[in-house]
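Take a look at the sequence and the fold, and then we can go through the parts together.

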Amino acid sequence: VAYIGDDLPDIPLMRRAGLAVAVGDAVPEVKKAAHYTTKALAGRGAVREAIELVLKSKGIWKEMIDKARA
């Protein structure tokens, strides 16, 4: 399970997630708890960036792009 957070109440859930992601403008404590911090800010493509990270790491990003172009 992946979890994306930005503020203190997110930290307990992030600690339980297999992939904890902080958005670029998250508070420092959340960034410290994260496995990955997006370059994008909340509401500015951070979730998209995290989804691309997962799809690329699984090796299925190119397949998804090819299907979208079909």
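Ala2 has its bridge partner in β2, and that partner is Leu19. As you follow along, please keep in mind that this is a predicted model.

Stepping back to the whole protein chain, you will find four helices and three strands. Starting at the N terminus, the elements follow the pattern β-α-β-α-β-α-α. The C-alpha trace spans about 40 × 25 × 15 Å along its principal axes. Of contacts between residues at least 6 apart in sequence, 8% join residues at least 24 apart.

**Around Leu19 and Leu53**

Leu19 lies in strand β2. Which residues does Leu19 touch, once those up to four places away in sequence are set aside? The list is Val1, Ala2, Tyr3, His35, Leu53 and Val54.

Leu53 sits in helix α3. Leaving aside neighbours within four places in sequence, Leu53 is in contact with Leu19 and Tyr36. Is Leu53 buried, partly exposed or exposed? With a relative accessible area of 30%, Leu53 is partly exposed, because that value falls between the 20% and 50% cut-offs.

In soluble globular proteins, nonpolar side chains tend to be buried together. Here the largest nonpolar core has ten residues: Ile11, Met14, Ala20, Ala22, Val23, Ala26, Val30, Ala34, Ala40 and Ala46. The elements that contribute two or more residues to this core are α1 (11-16) and β2 (19-22).

Ala20 is one of the core residues. Beyond its neighbours within four places in sequence, Ala20 is in contact with Tyr3, Met14, Ala33, Ala34, His35 and Tyr36. Met14 and Ala34, both on that contact list, are also members of the core.

**Surface and charge**

Buried residues account for 29% of the 70 residues in the protein chain. The chain exposes about 4,900 Å², and carbon and sulfur atoms supply 57% of that area. As for charge, there are 12 positive and 9 negative charges, and their mean positions are 6 Å apart.

Lys39 is placed in the loop between β3 and α3. Why does Lys39 count as exposed? Its relative accessible area is 75%, and exposed means over 50%, so Lys39 qualifies. Lys58 is found in the loop between α3 (46-57) and α4 (61-69). Lys58 is likewise exposed, because its relative accessible area of 59% is over the 50% cut-off.

**Distances to check**

| Residue pair | Separation in sequence | C-alpha distance |
|---|---|---|
| Leu19 and Thr37 | 18 residues | 11 Å |
| Leu53 and Thr38 | 15 residues | 9.6 Å |
| Lys39 and Val54 | 15 residues | 15 Å |
| Lys58 and Pro9 | 49 residues | 29 Å |

Leu53 and Thr38 are 15 residues apart along the chain, with their C-alpha atoms separated by 9.6 Å. Lys39 and Val54 are also 15 residues apart in sequence, and their C-alpha atoms lie 15 Å apart in space.

Technical notes:
Residues are numbered from 1 along each chain as its sequence is written. This is a predicted model: local features need pLDDT of at least 70, side-chain atom pairs count only at pLDDT 80 or more; totals for chains, interfaces and linings use all residues. Side-chain values use heavy atoms; hydrogens and water are left out. A nonpolar core is a set of buried Ala, Val, Leu, Ile, Met, Phe, Trp, Tyr and Cys residues joined through side-chain atoms within 4.5 Å. Buried means under 20% relative accessible area, exposed over 50%, partly exposed in between (1.4 Å probe, protein chains only). Contact means heavy atoms within 4.5 Å. Accessible areas come from the Shrake-Rupley method with a 1.4 Å probe; for residues, only the protein chains shown count as cover. Lys and Arg count as positive and Asp and Glu as negative; His and the chain ends are not counted. The place of a charge is taken as NZ of Lys, CZ of Arg, CG of Asp or CD of Glu. Two strands pair if DSSP finds at least two bridges between them.
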